[in-house]
Amino acid sequence: MPRFRHRIAHVITPHGHEASDKVDPAMEASAEGMRTLWISLAVLGVTTVLQAMVVALSGSVALLGDTIHNGADALTAVPLGVAFLLGRRAATRRFTYGFGRAEDLAGIVIVLTITASAALAAYTAIDRLLNPREITHLPAVAAAALIGFIGNEWVARYRIRTGRRIGSAALVADGLHARTDGFTSLAVLFGAGGAALGWGLADPVVGLLITIAILMVLGGAAKEVFRRLMDSVDPALVDAAESALRAVPGVVEVGELRMRWIGHQLRAEAAVVIDGGLELFSAHQVAVEAEHALLHAVPRLTGALIHPDPTPRTDGPDPHATLAHHRHPARAT
């Protein structure tokens with residue numbers, strides 16, 4: 001029955017397992033990510049320019065802080081775009097896994113950019129607390145805040161949708177970042193409303209609140225980047241991979257399984273226990289079927305290295321005896 005369902009899946013979603021077949025979808029995903037980045041960059045660029053014009057007219061520090069953050073968010077498309085371009089390059093003898101890790105480096109740049117925007121917004125708000133300035137054109141400030149929310153929410157939905165489709169955590173995180181920017185844009189409305197009611201400190205106070213919101217986004221983005229740098233994967237993916245391997249005919253047990261993200265693609269390494277009496281060709285066929293099962297069970301997996309271990313024999317030598325003194329005691333759990 002599992003084998004029948006497997007064949008049906010092939011008919012519905014045919015795919016190949018040669019190297020060229022695995023590269024093409026990866027390049028298509030990078031191209032889709034690039035398209036999303038440039039379109040969102042244009043939308044946020046227009047939003048930032050419109051808000052900056054209102055800042056120049058009104059002198060609103062809350063709107064200035066929001067405009068700075070929106071501008072910084074737009075610029076995060078640049079390092080991500082460079083990372084997507086690098087990720088499309090073929091592996092070399094020096095970079096044998098390819099250049100997908102460039103997305104992690106882009107994540108670091110994004111975190112630093114968010115940090116800089118938070119520092120600048122905080123400095124400007126504190127300066128305005130110490131040196132108050134009258135806000136003018138309050139209706140324009142309110143309109144600019146709404147523009148910021150609409151622009152950021154559209155970009156957030158677009159980036160998150162594409163990021164989830166192509167498996168890019170960096171793009172999803174950047175989309176969530178844009179969504180938070182949208183809500184901070186709405187916060188500017190409170191500053192404008194407070195100023196309209198005669199509360200002179202409303203604008204810089206909201207500017208400080210926006211700084212806090214930026215710092216909260218910074219914490220989440222830093223955590224996401226740290227996890228990727230430490231080769232963190234969702235345990236549910238590991239569970240799905242183990243279940244798929246155990247369902248392969250000929251696999252007695254899963255000895256070890258490791259997975260890591262390389263950009264927006266997954267790679268896996270697994271040791272599976274098989275019947276020690278199988279001939280070489282049959283053992284290799286079980287390994288091929290195991291990789292095949294993983295490619296179907298784990299989204300965004302582009303390849304897996306399967307090591308077949310023979311079942312132990314009571315009357316024979318340990319097949320791993322030669323490597324025993326090289327093995328590290330730590331095991332993945």
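## Helix 9 and helix 10

In this predicted model, the axes of helix 9 (residues 235–246) and helix 10 (residues 280–297) come within 9 Å and cross at roughly 140°; axes are lines fitted to C-alpha atoms, for helices over the stretch in contact, and angles run from 0 to 180 degrees between N-to-C directions. Helices here are DSSP runs of H or I with at least four residues, numbered from the N terminus. Helix 9 and helix 10 are therefore oblique to each other, because angles under 35 degrees count as roughly parallel, over 145 as roughly antiparallel, 65 to 115 as roughly perpendicular and the rest as oblique.

Where the two helices meet, Ala-240, Ala-241, Ala-244 and Leu-245 of helix 9 touch Ala-290, Ala-293, Leu-294 and Ala-297 of helix 10, contact meaning heavy atoms within 4.5 Å. The residues of this contact comprise eight nonpolar, no polar and no charged (Ala, Val, Leu, Ile, Met, Phe, Trp, Tyr, Cys and Pro count as nonpolar, Asp, Glu, Lys and Arg as charged, and the others, Gly among them, as polar).

## Helix 4 and helix 5

The axes of helix 4 (residues 77–87) and helix 5 come within 8 Å and cross at roughly 175°, and the two helices are therefore roughly antiparallel to each other. On the helix 4 side, Pro-79, Leu-80, Ala-83, Phe-84 and Leu-86 meet Ala-102, Glu-103, Ala-106, Val-109 and Ile-110 in helix 5. By class, this contact has nine nonpolar, no polar and one charged residues.

## Helices around the pocket lining

Helix 5 (102–130), helix 6 (138–166), helix 7 (169–196) and helix 8 (202–229) each supply at least two residues of the lining of the largest pocket, and the largest share, eight residues, comes from helix 7. By class, the lining has 14 nonpolar, eight polar and 10 charged residues.

## Basis of the model

Residues are numbered from 1 along each chain as its sequence is written, and side-chain values use heavy atoms, with hydrogens and water left out. Because this is a predicted model, local features need pLDDT of at least 70 and side-chain atom pairs count only at pLDDT 80 or more, while totals for chains, interfaces and linings use all residues.
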